[in-house]
Amino acid sequence: MEDRTAVSASAPGKIILFGEHAVVYGRPAIAAPLTHVRATATIHPARDGGVILAAPDLGVRQNLANVGTEDALALTVQQVLIAAGLQRLPDMTITVTSDIPIAAGLGSGAAITAATTRALAQFLELDIPVTDGWISDLTYEVEKIHHGTPSGIDNTVVAYERPVYFVRQTPQNLIETFSVQQPLHLLVGDTGISSSTKDVVGDVRRSWQKDPQRFNALFDGCGALSEAAREAIQTGDYEEIGRMMNQNHALLVDMTVSSPDLDRLVSTALDAGALGAKMSGGGRGGNMIALV
């Protein structure tokens, strides 16, 4: 162990830019990395004691040998061990920290997993290609703990640190990363209200079943905005991106997934000069994003 040195790796948060809710019904959505909020994993070599998992933000410090694989961090370590074909790990302390709010739709869990996976690959000097795709695939497996049947958006965005164009389809979802002409400066406003995405999605489904014609038209509108937004992001057309964010928010209001607090944050951002603003994620609480 004496020849190993401490390593550190990080991964960004993520935000849904366009297409939430409509994505459940096969329309495209776009997600993007939030590079200014990050999860970081730091690994220090140890002389004994096994593998220690530390999350000081949560007051957690435990030995891997005493943690089941229902724990996301423990499963992350086991995934790397199996993928690398190793029988055991050297003694080490893995410390994870994050300034990404938890349970806020910002990809906190995926970012912690991706950062830890990347740091372990560096620390162990794995003799396999450690690509962004490899990081994404392992992160997806751990995401199943958090989400049951994850879409694949979070792990892709945080591993590649690029915008993702996503379409839910069978037999396999369409997930494409793409380039940005120039960085988007996004302000995230938190309502401070927690909301169950599962419950809101269920409400939308019931409304769609009652009035499929109206809701399919709303979903189509969101999907068309996602397609047009991809081109606008690739060409760096800030004004058009802002206009489409406003249009997407209006469609989400019609779906009844916004809230007075979200609408107030959107109006405040626009009044202050934002190019566009919308709710992001499940809605009825959570976050507003503004292009500034």
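Is Asp220 buried, partly exposed or exposed? Asp220 is partly exposed, at 43% relative accessibility. Here buried means under 20% relative accessible area, exposed means over 50%, and partly exposed lies in between (1.4 Å probe, protein chains only).

This is a predicted model, where local features need pLDDT of at least 70, side-chain atom pairs count only at pLDDT 80 or more, and totals for chains, interfaces and linings use all residues. Residues are numbered from 1 along each chain as its sequence is written, and side-chain values use heavy atoms, leaving out hydrogens and water.

**Salt bridges overall**
- Side chains of opposite charge can pair when their charged atoms come close.
- The count is 11 salt bridges, each a side-chain nitrogen of Lys or Arg within 4 Å of a carboxyl oxygen of Asp or Glu.

**Asp220 and Arg27**
- Their side chains form a salt bridge, 2.8 Å from N to O.
- Asp220 sits in helix α6 (residues 212–235) and Arg27 in the loop between β1 and β2 (29–45), so the pair ties together parts 193 residues apart in sequence.
- Helices (H or I, at least four residues) and strands (E, at least two) are DSSP runs, numbered from the N terminus.
- Arg27 is buried, at 16%.

**Lys14 and Asp154**
- The closest N and O atoms of this salt bridge are 3.3 Å apart.
- Lys14 belongs to strand β1 (residues 7–18) and Asp154 to helix α4 (residues 153–160), so parts 140 residues apart in sequence are tied together.
- Lys14 is buried at 5% relative accessibility, and Asp154 is buried at 14%.

**Around Arg284**
- Arg284 forms a salt bridge with Asp203, with the closest N and O atoms 2.6 Å apart.
- A network of salt bridges links Asp203, Arg206 and Arg284.
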